[in-house]
Amino acid sequence: MNRQRRKTENQKRAGDRGQWANKTEYILVVAGNVVGLGNVWRFPYLCYKNGGGAFLVPYGLFALVCGIPLFLLESSVGQYTQEGFVTSWRKLCPLAQGIGYGQAVVKLYDFSFIIIEAWALFYLVFSFSAQAPWATCQNSWNTANCMGLSLDSSSSNWTANLTALKKHTSAATEFWERRALGVSAGIEELGSVRWELALCLLACWVFCYFSIWKGVRSSGKVVYFTATFPYVMLLILLIRGFTLPGAWEGIYYYLYPDLNRLANLEVWIEAGSQIFFSYSLTAGTLIVLGSYNEYSNNCYKDCFWLSLLNSGTSFVAGFVVFSVLGFMAQKQGVTVDTVVESGPGLAFIAYPQATAMMPLPQFWTFCFFLMLILLTVDSHFVAVECFITSICDLFPTLFRKAGRHEMLVLFICSSFFLLHLLMVTEGGVYIFQLIDYYGMTRACHYFMALCECLALAWTFGADRLMNIIEDMTGQRPSVFFKLCWKYVIPLLSLIALILYLVDYKHLRINQYVYPDWAYALGWTMTLSSVVMVPLWAAGQMCFAAGTIPQRLSVLCRPAEDLTWTNGEAGEEGTAVELKTAETT
């Protein structure tokens, strides 16, 4: 393969669609995207729930055999093709372009995570109050069952305190459910729009617009702050957490190894799911971000360092979370497992309640929610940018004109702001949970991983992919990656997909059961991305010319068919030439 020729071609293409100004921008954007909410509010809880330190065994194993190989696979595909997550498949395996369309559908559901950013902004504003409103029961929204932070922390009778906790509702829970969300009885009762949350949502979409309106030229600059500052906040909270009384009891709960849990299949499934979620695998994001790299960028080395950064952040975040939970448990005179939460329960109930018990509660609350906002803002505007990039690559003549990109970004941001107003209604949290559970379910990740490996490692060819990476980076990946792409990842993905379907349970929020039409809508969201793969393949097979074997041969052949020929190159020795085969 003539490396210089490929570099020249990609430099010309980079002039049309843009490129990272330097390597630092790429690293920061990818780091900002993969280091997100899953590191702070999901990994620590999974670690505690699934055997403490023992959970690091399946987690590390899945990172090694699934996380890093898929990270390299997707980022190298983007870097080689210089295309978005839809059109990249044309250059590799046109029959599999449905994978890209399926990822585009998942991206639309992924936009809904901006509501978490809006919630965090709402809490950030209230953190400036003279007294934290989630710490007391003297507010208009509180009920007679409200319990403020007035338990006798010196009491050794934790059973009595635990009984009190069960009989009453904490002030933090009432602030979350009754003041922030105004939660209705169910998804059938949407109620009115919460105008304060609507303003927070508007602010989030405005920030998103100005972060990406110039493409990588603007988003590459924004991440210098949004990707680095969360680490400053994380370090401040980590130091504060270690100095709190009861912190080490919480950390003990976080890391105490229970090796018996490793015999539970669910522990291994959740470890794999966390890797897919936190590494942003099979979502098309890594393909798009890699497509803005120079052809000669060392994506092989990048995948190791960025994977290490992601997993390391998750591990450190566990100390931040559980040191504070240990402090809160000691203050309330209960055990740590009583106060452990994950997801929104951790971010908007447990942690604010804990910071309210500290000296200078406003400062610590501000630090936490600022960190939460910056963690979500990166992941969100990168998701929107990746979707828009793929649309522009699909219709380059339409959107690669002066002012067209900005208009498309404005249309996407304003349209989804209006659509997401449904999620700031009184029943909006039920809609968000439905989208989160079904629109971005583990089944979609496993299915897409299986299809990607079949299309690239088997149809396109694992050896061919290894040759491409070697040509781009000057380093040939270990044969271990080839084995993972061809055998390990497809097998594990298929097993995990089957187990998910066998063990499927309907979504519930506490005691609330969704109506049947909501479950039907949820499965429609799941299938809307999955069916894109077979539908596209079937459509291409139907409309292609020739016999069935001829159609398969053409549709499985890359647009740039890589054939290796040895030729004389004078003093340079043997050269490898890329020939372009015409497809009919």
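**Exercise 1. Chain overview**

What percentage of the 584 residues in the chain is buried? Describe the chain's make-up as well.

*Solution.*
- The model is predicted.
- Buried residues account for 58% of the chain's 584 residues.
- The chain holds 26 helices and six strands.
- Its accessible surface is about 23800 Å², and carbon and sulfur atoms own 63% of that.
- Take the contacts with a separation of 6 or more: 81% of them join residues 24 or more positions apart.

**Exercise 2. The nonpolar core**

Find the residues that touch the most other members of the largest nonpolar core. Then list the neighbours of Phe348.

*Solution.*
- The largest nonpolar core has 196 residues.
- Trp119, Phe348 and Trp485 touch the most other members.
- Helix H18 gives the most to this core, with 20 residues.
- Now take Phe348, leaving out residues up to four places away in sequence. Its contacts include the aromatic residues Trp41, Trp119, Tyr123, Trp176 and Phe369.
- Phe348 also touches Ile116, Ala120, Ala172 and Leu372.
- As background, nonpolar side chains tend to be buried together in soluble globular proteins.

**Exercise 3. Helix H10 and its cover**

Which residues of helix H10 are buried, and what covers them?

*Solution.*
- Helix H10 spans residues 216–226.
- Its buried residues are Val216, Ser218, Ser219, Gly220, Val223 and Thr226.
- The cover over them includes helices H2 (23–34), H9 (195–212), H11 (229–242) and H18 (361–394).

**Exercise 4. Salt bridges**

How many salt bridges does the count give? Work through the pairs of Asp302, Glu406 and Arg400.

*Solution.*
- The count is ten salt bridges.
- Side chains of opposite charge can pair when their charged atoms come close.
- Start with Asp302 and Lys23, whose side chains meet at 3.1 Å, N to O. This pair links distant parts of the chain: Asp302 is in helix H15 (residues 299–332) and Lys23 in helix H2, 279 residues apart.
- Asp302 has a relative accessible area of 4%, so Asp302 is buried. Lys23 has 34%, so Lys23 is partly exposed.
- Next, Glu406 bridges to Lys214, with the closest N and O atoms 3.0 Å apart. Glu406 belongs to helix H20 (residues 404–420) and Lys214 to the loop between H9 and H10, so the bridge ties together parts 192 residues apart in sequence.
- Glu406 is at 15% relative accessibility, so Glu406 counts as buried. Lys214, at 32%, is partly exposed.
- Last, the side chains of Arg400 and Asp393 meet at 2.1 Å, N to O. Arg400 is partly exposed at 26%. Asp393 counts as buried at 4%.

**Exercise 5. Aromatic rings**

Why is the pair of Phe111 and Phe416 edge-to-face? Locate both residues, then find the Arg residues over the faces of Phe277 and Phe460.

*Solution.*
- The chain has 63 aromatic pairs by this count.
- The ring centres of Phe111 and Phe416 are 4.9 Å apart. Their planes stand at 80°. The cut-off for edge-to-face is over 60 degrees. The pair is therefore edge-to-face.
- Phe111 sits in the loop between helix H5 (98–110) and helix H6 (114–126), and Phe416 in helix H20, so the pair ties together parts 305 residues apart in sequence.
- Both Phe111 and Phe416 are buried.
- Arg42 lies over the face of Phe277, at 5.7 Å from the ring centre.
- Arg464 lies over the face of Phe460, where the distance to the ring centre is 5.1 Å.

Note on methods: Residues numbered from 1 in each chain as written. Predicted model: local features only at pLDDT ≥ 70, side-chain atom pairs only at ≥ 80, totals over all residues. Heavy atoms only, no water. Buried < 20%, exposed > 50% of the residue type's maximum accessible area, 1.4 Å probe, protein only. Helix = DSSP H or I, 4+ residues; strand = E, 2+ residues; numbered from the N terminus. Contact = heavy atoms within 4.5 Å. Areas by Shrake-Rupley, 256 points an atom, 1.4 Å probe, with all protein chains shown as cover. Salt bridge = Lys/Arg side-chain N within 4 Å of Asp/Glu carboxyl O. Core = buried A, V, L, I, M, F, W, Y, C linked by side-chain atoms within 4.5 Å. Phe/Tyr/Trp six-rings, centres within 6.5 Å; stacked < 30°, edge-to-face > 60°. Lys NZ or Arg CZ within 6 Å of the ring centre and 35° of its normal.
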